[in-house]
Amino acid sequence: MKVLKGTSVSMGISIGRIKKIQKPKLQIKKKKINESEVDDEILRFEESVKNVINEVDNLIENIQHSQDNKDILTTHKMILKDPEFSKNVKNLISQELMSLEFAIKTHFTDIIEIFNKMENDYYSERSSDYEDVAYRLLRQVLDHEDINLDDLEEDSILILENITPSLVTKVFSKNIRGLCTEKGSKNSHSSIIARSLNLPMIVNAPNLMNSCEEGNQIILNGNNGNIYISPEKDVLEKFHKQYEEEKKQKKALLKLKDKQNLTKDGKHIKLMSNIEIPEEVEQVKNVNSEGIGLFRTEFLFMDSDEAPSEQKQFEIYHKIALKCEPHPVIIRTIDLGGDKLSRALNIEHEINPNLGCRGIRISLKHENLFKKQIKAILRANEKGNVKIMFPMISCVAEIKKAKNIIAECKAELTKEKIAFNDKLEIGAMIEIPSAAITSDMIAKECDFLSIGTNDLVQYTLAVDRDNPSVTEYYQPSHQSVLRLIQMTIKNAHQENVKVAICGEMASEKKYIELLIGMGIDELSVSPGRLLMIKNEILQTDFLKAKKMDEKIFRSLNEVE
Ligand code: PEP
Ligand code: MG
């Protein structure tokens with residue numbers, strides 16, 4: 001038996017068999033570029049090499065390797081830094097007009113062939129280093145994934161180096177028992193989706209890939225991040241018992257389904273769900289959620305070569321709205337960028353995507369695309385329970401711009417004699433510190449606000465939400481974050497505007513009393529956690545929580 005330690009993403013025990021998902025084969029086709037594209041390809045090359053060198057450095061520094069492994073990684077770095085390599089690839093791009101992918105492939109194929117032909121074993125073995133470097137670089141350049149999922153069993157627990165958000169949704173539909181990755185972090189989008197789907201997952205488990213053998217038994221303990229590979233009999237029995245116990249507890253929580261979301265002293269906290277894919281609505285209904293507080297629509301755009309048409313989007317939104325009626329469905333316009341990329345939009349590669357063209361910035365840049373989404377939402381609001389919300393708002397001017405575009409969409413639909421609901425509530429996500437600080441102005445232009453703590457924490461504390469090596473700095477209860485939440489609630493309430501929290505902080509038991517005490521009106525959480533959060537609300541006394549918070553804030557504000 002081997003025991004590894006990772007970071008738990010979703011709670012609970014999962015027992016199954018190892019299914020290793022290995023690196024996919026990268027398909028590179030011969031492709032010529034135009035002369036005008038040469039500079040961009042060379043820039044892309046330089047950025048990719050830089051990123052891969054960083055990735056290798058990170059591996060050397062942060063993960064416990066044997067000395068041999070470190071030496072191999074250092075060799076890989078030298079290959080990437082070799083001026084001859086850079087010169088040759090740049091020449092293939094600028095003189096032979098090869099696409100970057102094809103230039104990299106050509107360069108490495110030639111070198112690997114030379115090494116393979118050498119009779120000396122030492123040199124011929126070096127070819128695998130070049131293969132590895134080529135793979136790392138091409139994976140970075142192509143940013144693509146093509147994995148065969150045909151032979152998954154019902155008791156499979158997938159073991160991967162890392163996983164993208166779209167792959168999580170894909171494997172979920174295959175009824176697997178869990179996911180475990182060597183890299184990744186608790187608040188990445190992949191993790192959020194797994195949690196929301198109630199799919200057991202552990203991430204950031206060093207040495208995972210090398211420690212797992214296909215078909216062997218594995219236990220994921222989502223309560224503390226422990227992973228047991230080929231467990232001994234008594235360990236297996238212990239976890240089987242715990243698994244049955246948890247099943248009972250889940251059943252007990254189900255009894256809360258029909259209870260109202262009231263604190264002990266009778267304050268109603270509206271409890272809604274976050275969804276990423278339309279299929280999740282069933283789960284939302286199963287737990288009697290008071291609607292959808294965040295529909296992350298970008299997932300509709302992420303896994304295909306074409307953006308969904310206005311009609312297609314209308315059909316999806318309309319169906320969800322009818323299913324949830326009379327409860328609200330808050331549709332967030334696309335928040336692409338960051339770790340959520342779309343082939344359909346052909347978003348340019350950015351050095352720092354989380355600070356780049358993301359969320360509302362993309363929508364304002366691609367107005368046609370934005371209008372299609374807005375029109376689909378206006379049309380889907382037949383029963384009046386649909387609301388629109390904008391991500392990554394940094395100032396009130398962006399809300400005003402978005403409102404002008406909504407007005408244009410209404411005028412165009414009227415002209416085309418297409419039915420829609422003229423009344424549509426508008427909300428802003430408060431997830432950038434500048435938005436929280438100017439929330440008084442933003443609240444004046446909105447019908448509701450929703451605090452996205454995942455990004456608010458990231459941007460306030462300057463800590464990448466996806467980077468496992470800085471997890472300790474990612475602190476939702478840091479006093480700066482709490483002050484921004486408090487400020488937003490106060491500003492919104494002064495304008496009679498309700499405030500929700502839709503970030504992961506609302507799905508964590510330990511923050512519920514604190515948030516209720518601060519005066520939050522609504523929470524939107526992963527459907528898989530909704531009943532657990534309801535249980536917390538039912539056990540909280542609002543007035544007591546308020547007093548507790550006043551004390552906390554007094555002490556936070558005191559100079560030490
Ligand atoms: C957030 O940032 O808290 C949020 C809810 O949005 P996302 O996680 O999709 O960025
Ligand atoms: Mg966000």
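Tutor: Begin with the elements. Helices (H or I, at least four residues) and strands (E, at least two) are DSSP runs, numbered from the N terminus. With that in hand, look at the shell around ligand 1: α18 gives the largest share, three residues. The elements that give two or more residues to this shell are α7 (189-196), β10 (292-296) and α18 (453-460).

Student: What should I know about the model itself?

Tutor: This is a predicted model: local features need pLDDT of at least 70, side-chain atom pairs count only at pLDDT 80 or more, and totals for chains, interfaces and linings use all residues. Residues are numbered from 1 along each chain as its sequence is written, chains are lettered from A and ligands numbered from 1 in the order in which they are written, and side-chain values use heavy atoms, with hydrogens and water left out.

Student: How many residues surround ligand 1?

Tutor: A residue is near a molecule if one of its heavy atoms lies within 4 Å of it. Here 17 residues surround ligand 1. The closest are Arg296, Arg332, Gly452, Asn454 and Arg465.

Student: How does the shell split by class?

Tutor: Ala, Val, Leu, Ile, Met, Phe, Trp, Tyr, Cys and Pro count as nonpolar, Asp, Glu, Lys and Arg as charged, and the others, Gly among them, as polar. The shell has eight charged, five polar and four nonpolar residues.

Student: Which atoms pair up with oxygen atoms of ligand 1?

Tutor: A polar contact here is a pair of N or O atoms within 3.5 Å. A side-chain N or O atom of Asp455 is 2.9 Å from a ligand oxygen. For Thr453, a backbone N or O atom lies 3.1 Å from one. Arg358 brings a polar side-chain atom to 3.3 Å.

Student: How much of ligand 1 does the protein cover?

Tutor: Accessible areas come from the Shrake-Rupley method with a 1.4 Å probe. Ligand 1 has 290 Å² on its own, and the protein covers 100% of it.

Student: Which residue has a phi near 60 degrees?

Tutor: Asn175, a residue other than glycine with a positive value. Asn175 sits in the loop between α6 (165-172) and β5 (178-181).

How values were computed. Polar contact = N/O pair within 3.5 Å; in protein donor to acceptor, adjacent residues only side chain to side chain.
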